[in-house]
Every structure is written in C-alpha cells, then in structure tokens.
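Please open the structure in your viewer and keep the selection panel at hand.

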Amino acid sequence: MVNLIWAFMAIVGIIYAMFNGTMEEVNKALFESADEAVKLSIGLISILVFWLGIMKIAEEAGILRVLAKLLRPIVVKIFPEIPKDHPAMGYILSNFTANIFGLGNAATPLGIKAMEEMKKLSGTDTASRSMITFLAINTAGLTLIPSTVIAIRMQYNSSSPTEIVGTTIIASAAALTSALLLDRFFYYRSLRRKE
Amino acid sequence: MMGIVTTISTWLIPCFLLLVLGVAQWKKLPSYELFVEGGKEGVQLAFSLLPFLVGMLVAISILRSSGALDASIGLIAPILTAIGIPPDIVPLALVRPISGNAALGVTSELIATHGPDSFIGRLASTMQGSTDTTLYILTVYFGAVGIKKMRYAVKVGLLADLVGIIASIIIVTLIFG
C-alpha cells in the first residue's frame, strides 16, 4: 500500500510537470529535498539520544514496574477473558508501560510474547477477543511524549517545540477511548450474529 | 483551557526528568552510564530513519514542485474546508495508518513547508504523535503468532485512527486556532 502511494506521488508529479512546464523546478526540488532529509535525520540524533538515554535510566530505576502495578486493576477489567495471574497479563502490562514511555523497540517483543500467550489460551489461528482488544489499544497508541515529533519541530526552529504535547495526549486519549468502545461494539455484534 | 494545556506541555518533560534522576540517585544507580547505553540506541534510530525520510521527502517534493499537489488540493479544497478539514493535511491522514516512518516523512515535509508553529505544522505534529501505525501493528503482531483470521481487528484499528484524526483537528483548532 505504502509502495503504491509513494510511487504514485512521484509518477504523477513527473507527468504533471511534463505538461505544466515545471520540470526545472522538479529537478531542483529532487536534490534539495534529499539533502534536506539527510540534514533532518542528523538533526534528530540529539533529542533521540537524550530521550532514549533518560528512558534507559527510568527502566532500570523501576519506574516502568511501578506504572505497571498502577495500571493492573484497569487492565484486568479490559481483558475479562484472561485469568488474572496468567503470564499473558504480565506481558500485556509491560507492553503498555513500554509504549507509554515511547520505548517502541522494547514494546514490540513484549507485545509479541503477549500475543503468544493469548494464542495458547485460544488455541486457534483465529484472532481471539483479547487479541483484538490488545491490538486495538496498541494501534490507537499510548505514547505520552512524542519525542520524534518534538525533535523535528526543534529542527525547524519552533519557538515552542513541546507545545503540542498537550494536544497530542488529548487526541491520543480520544483515539484510545474510541478504540475500546469500537472493540466492544464489534465484539458484541459478532456474538449476536452467531446466534 | 489553553493555559492549562500549554503549561502541562512545558512542565511535563522537565518534571519527568527530575523524577527519573531523583529515583535513580536514591537507588544509587550509575545514571550516567545507563544514559550513555540507552543513548546509543538513539543514534541507530536516527540513522535507520534516514532512508525513510529521504524517500518520502523526495516523492512529496516532486509532487509539490510540479504543481500537481496544489492543483489537486485546489480541486478538493472547497469540500474539505466546508467541513473544517485543512486540505494540506490530507496526504498525512492517508499515510498515517499505513506506515509510521512514511508518515513521519510527510509530517516533516509539512512542518518544513508551513513552519512548525503554523496551524498546519501543529496539526501535523499532533496527528503524527497521537495514533500508532495500525496496519503495521496488525501485520507484525498477527504475523508473528500465525493468526490468519483477523476478524474485526482492521475495522476497529482504522475507525479509531479516523477518530484520532478528527480529534486532532478539533483539539488543535480549539487550543491554537
């Protein structure tokens, strides 16, 4: 899908330029934008190094574990089909906390472990209710601090790179709430259809 | 409302730093060494983003500099503005559920073109940060454990993305508009 969109943008642009007489601009923009992308990536290093460094300390200091403990009562309610002390619950909690702290690389393997445990519970190659709920939460996103976006804003000399943290959290909460509601809605609808 | 949100935005990160370093100090952890160890991942991450950014920025700049982007935005603009959606944001909304890194490229391009403190710049930042990449997550997680029937998972993920996009537009308009 992304392959299609990507190629489509370039192809349409070049063909349009042929008839619009803007080939010179296209040629210039091509090299300038590649150069800009490289400068941008280099510029991102500063904040990414800083943030991931701090997160490493947070992880070792046990802040993620405390958060997992706080989240537990809520998460147990969201997954009624998973026994409270099943290993799946532990992995789900660690995946959520890693996501909240923006540790995408740590969250993915934990999430895959959670999926494996949930598959043991269901034992089929059809997605179970808990799996879909888990992925709905993951796709809606749980990040509190969008560090990469802040880095890009800094790179383009924003007067306040972090001013979007508040709006991001609110939009994220809206997406998360609706993901949970939609998940419930489609689950109960699928039950009714079976009857 | 606006005052509270922007104050939280400014205070959140420094206060979090204080908490992390305070706890680390209290637990007598080698904080500097841990910082350096974690920071190395940041270098790798920035370099792994490089090809995604080059690819996306070049493709969009071709579309924009040829005049095709403005022409197509001009076509759909009346409909979108009537329902309150800034037309420039459409490419980001389309790419966001499909590829996170590609969307980051689109976001960068929007910020570079319109400025980080413009309405479009703030909206793109919020949209980029507020949801995760639905199709990527479904592919990776279901693929890893061999789930073949995804049932209503795709529907839930994409509809939640739509809500996230609409919520971003409303919130950014309310706070910064």
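Select chain B: of its 177 residues, 46% are buried in this predicted model. Along the principal axes, the C-alpha atoms of chain B fill a box of roughly 60 × 50 × 35 Å. Among the contacts in chain B with a separation of 6 or more, 63% join residues 24 or more positions apart.

Now display chain A together with chain B. The contact between them takes 86 residues from chain A and 91 residues from chain B. On the side of chain B that touches chain A, at least two residues come from each of several helices, including H1 (2-26), H5 (100-114) and H8 (153-176). Which helix supplies the largest share of this side? Select H2(B), which supplies 26 residues.

Finally, select helix H7 (134-144) of chain B. Its buried residues are B:Thr134, B:Ile137, B:Leu138, B:Tyr141 and B:Phe142. Why do they lie on the same side of H7(B)? They do so because they cover an arc of only 100° around the axis. In an α-helix there are 3.6 residues a turn, so residues three or four places apart point the same way. Turn the view to the face away from the buried side of H7(B), where the exposed residues B:Thr139 and B:Gly143 are found. After H7(B) comes B:Gly146, with a positive phi near 70°.

Technical notes. Residues are numbered from 1 along each chain as its sequence is written. Chains are lettered from A and ligands numbered from 1 in the order in which they are written. This is a predicted model: local features need pLDDT of at least 70, side-chain atom pairs count only at pLDDT 80 or more; totals for chains, interfaces and linings use all residues. Two residues are in contact if their C-beta atoms, placed from the backbone, lie within 7 Å. Helices (H or I, at least four residues) and strands (E, at least two) are DSSP runs, numbered from the N terminus. A residue is buried if 20 or more other C-beta atoms lie within 10 Å of its own, exposed if 12 or fewer, and partly exposed in between; C-beta atoms are placed from the backbone. The arc is that of the directions from the helix axis to the C-beta atoms.
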